[in-house]
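Subject: The structure to look through

Hi,

Here is the structure I promised to pass on.

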Amino acid sequence: MRTNKILVALFTLLICSSLAFAGTVSGKVTYTGTPAHQKPIDMGKEPSCAKQHATPIMTETVVTGDNNALDNVVVYVSSGAPDEGQVPTQAITYTQKGCQYIPHVLAMHVNQEFDIINDDQTSHNIHPLPKVNIEWNKSQPPGTPPIKEKYDKPEFIEVKCNIHPWMHGYFAVLKTSHYDVSKDGGDFKLPNLPPGKYTITAWHEKYGTQTADVTITGNETKDVNFTFKATPY
Amino acid sequence: MGMNPLATRFASADFGLRVLTMNSLKPMRFISAILFTAIPCTAILVLTFAAGFTARASAQDEPLVGPKPPVVVKPMVSHIGNITGHAADGKYDYRRYCAGCHGDYGDSNGENAVWLDPKPRDFTIATFKCRSTLTGTLPTDEDLFNTIGRGVTNSNMPIWNTFTKQERADLVAYIKIFSPRWEKEKAGTPITIPAEPPVTIESISHGQALFAKLECWKCHGTHGEGDGPSASTLTDSKDNPIRPYNFALGGNDSRFKCGSTNQDIYKIFMTGVDGTPMPSFADVIQPNDAWDLVHFLRTLQVHRHSKENEVLMAAHGVIPPYVDKNPPPAADTNKAPGGGQ
């Protein structure tokens with residue numbers, strides 16, 4: 001009995017301590033140089049989508065903000081992540097609205113189920129182009145139920161709609177749930193990291209990857225910033 | 001003197017062309033003409049050979065990458081009815097008849113591949129166009145067997161009916177050695193195709209409504225001529241330009257990439273053509289609706305004799321607008337006369 005109590009106490013202590021010593025890696029993604037010029041998209045061939053945008057939306061290959069901020073960069077723990085193999089159960093969605101993918105980059109855990117939704121009055125075909133995972137291509141007319149899918153290998157997968165060639169996005173299939181996609185001025189945050197050594201990787205669809213090593217020792221916030229070299233072409 | 005009037009006219013033209021006739025050729029001129037032609041030609045030939053040798057020499061100077069490793073023939077098998085194909089038995093035929101396009105390593109990099117459009121299948125990724133199974137799954141052995149025997153129309157894949165059934169089964173087994181998917185996954189389950197209902201002008205009309213609703217016309221065009229608004233932008237999964245199928249081309253012998261029967265059309269749009277922009281509609285078309293769409297698609301083959309075109313002719317070539325006999329409750333309840341099942 002006494003041993004049991006001690007064990008329970010120790011276990012509680014362990015949980016509390018691990019919660020207490022949860023570090024955060026946060027920072028900003030920026031660029032140097034001249035980023036690729038983004039062009040307005042002509043949706044004239046799809047009036048039901050064109051009328052959803054008061055002004056034409058821009059291509060999203062390189063999305064920048066003030067002070068050289070770079071958005072849509074997937075920042076994730078590529079080595080040392082404590083949660084590899086723990087597939088989250090919460091649903092994530094990839095929405096087609098106004099002939100645009102929302103979000104432009106959808107990050108997910110390997111084997112995590114995600115819903116693809118068509119919020120438009122037109123048919124889309126969802127055609128991800130994986131090299132490692134298995135390729136499929138499905139039609140989704142308006143008003144049809146969400147398509148449920150998952151990928152079983154880590155990979156950055158380009159997503160296309162062949163009917164609307166300007167529609168372009170990415171799935172980032174990762175071995176961890178410790179990820180964030182830089183937004184609102186290049187900010188990202190990876191919370192709840194127990195003490196340990198980590199490799200943080202930042203991936204951008206045009207400018208490639210960068211890595212940084214970081215050590216979390218306790219309840220702290222480590223600043224890690226990534227700077228990509230932007231090229232116009 | 002001695003030159004015919006036409007030649008004289010040419011010879012005196014401003015652009016200075018001299019037209020030589022046999023009469024005007026004096027021996028010295030003849031020799032100098034030959035020399036003038038021969039010297040540059042020889043020079044070009046010598047230069048070409050020299051360049052060739054230099055290229056060859058520099059190729060030899062490149063760091064050695066070594067010979068490519070031999071193809072490991074895994075003990076893959078295929079089952080077609082009561083025939084069992086063995087990869088080892090398909091090796092000779094593959095290397096003799098298939099490797100020229102599909103490549104020794106099945107990676108679609110055969111020596112002819114650069115000249116081909118569309119490109120040969122890449123067996124290393126095991127993505128196949130003609131399947132009876134759902135999109136993203138492996139085809140059945142029969143699917144591959146049928147593709148070899150049928151060939152792929154509008155492509156350079158010939159009809160290989162010169163092979164015996166056993167040889168074709170062996171080839172099906174052989175192409176499985178190129179992708180690890182064949183060891184890890186089972187082939188998909190063929191979709192269930194219900195019996196075909198009779199062709200009526202109503203089924204054609206409903207098919208036309210589906211063609212519009214599912215936006216098939218965005219690529220295939222309103223008359224199925226492959227000229228829809230998105231047609232010019234289409235690329236396959238390897239970024240090579242690709243055209244949507246033109247239903248109107250061809251006569252009685254017109255075929256689809258994956259067959260020529262009504263069942264084949266049903267399979268093509270329900271399972272999709274993997275590796276191309278043609279998606280799968282299995283999740284969005286009900287089986288009987290699918291047959292109506294098949295009936296309409298046949299009428300787009302305007303030069304092909306078919307029972308669908310006969311029914312259409314009997315209706316004076318006019319497809320009536322589709323009237324939903326079982327509209328949803330909130331919708332307009334005007335029923336077509338004689339409707340209901």
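Below is what turned up, topic by topic.

This is a predicted model, in which local features need pLDDT of at least 70, side-chain atom pairs count only at pLDDT 80 or more, and totals for chains, interfaces and linings use all residues. Residues are numbered from 1 along each chain as its sequence is written, and chains are lettered from A and ligands numbered from 1 in the order in which they are written.

**Strands in chain A**

Helices and strands here are DSSP runs numbered from the N terminus (H or I, at least four residues, for helices; E, at least two, for strands). Strands count as paired if DSSP finds at least two bridges between them.

Let's begin with an open sheet of four strands in chain A, with the order β12-β2-β14-β15 and antiparallel pairing. β12 (179-181) and β15 (208-216) of chain A are at the edges with a single partner strand each, so one side of each has no neighbour in the sheet. On average, neighbouring strands of this sheet are turned by 25 degrees against each other, direction ignored. Strand β2 (residues 74-79) of chain A is joined to β12(A) by three bridges and runs antiparallel to it; there, Val75(A) has Asp180(A) as its bridge partner.

Now find β10 (residues 155-160) of chain A. β10(A) pairs with β7 (residues 124-129) of chain A in the antiparallel sense over three bridges, and His127(A) stands opposite Lys160(A). β10(A) is also joined to β11 (residues 168-174) of chain A, again antiparallel, by six bridges, with Phe156(A) opposite Ala172(A).

**Nonpolar cores**

A nonpolar core is a set of buried Ala, Val, Leu, Ile, Met, Phe, Trp, Tyr and Cys residues joined through C-beta atoms within 7 Å. Buried means 20 or more other C-beta atoms within 10 Å of a residue's own, exposed means 12 or fewer, and partly exposed is in between, with C-beta atoms placed from the backbone.

The largest core has 48 residues, and Val73(A), Val75(A) and Phe171(A) are among those with the most contacts inside it. Apart from it lies another core, of 46 residues, including Trp182(B) and Tyr245(B).

**Helices and the two chains**

In chain B, the axes of α10 (residues 287-300) and α11 (residues 307-314) come within 8 Å and cross at roughly 80 degrees. Axes are lines fitted to C-alpha atoms, for helices over the stretch in contact, and angles run from 0 to 180 degrees between N-to-C directions. α10(B) and α11(B) are therefore roughly perpendicular (65 to 115 degrees; under 35 is roughly parallel, over 145 roughly antiparallel, the rest oblique). His295(B), Arg298(B) and Thr299(B) of α10(B) make the contact with Glu308(B), Asn309(B) and Leu312(B) of α11(B).

As for the chains, 22 residues of chain B are in contact with 17 residues of chain A (contact means C-beta atoms, placed from the backbone, within 7 Å).

Most residues other than glycine have a negative phi, and most peptide bonds are trans. Which peptide bond is cis, with omega near -5 degrees? That is the one from Ile102(A) to Pro103(A). In chain B, the bond from Asp117(B) to Pro118(B) is cis too, with omega near 0 degrees.

Asn111(A) has a positive phi, near 70 degrees, and counts as partly exposed with 14 C-beta neighbours inside 10 Å. Asp239(B) also has a phi near 70 degrees, but with 8 such neighbours Asp239(B) counts as exposed.

Cheers

Notes. Two residues are in contact if their C-beta atoms, placed from the backbone, lie within 7 Å.
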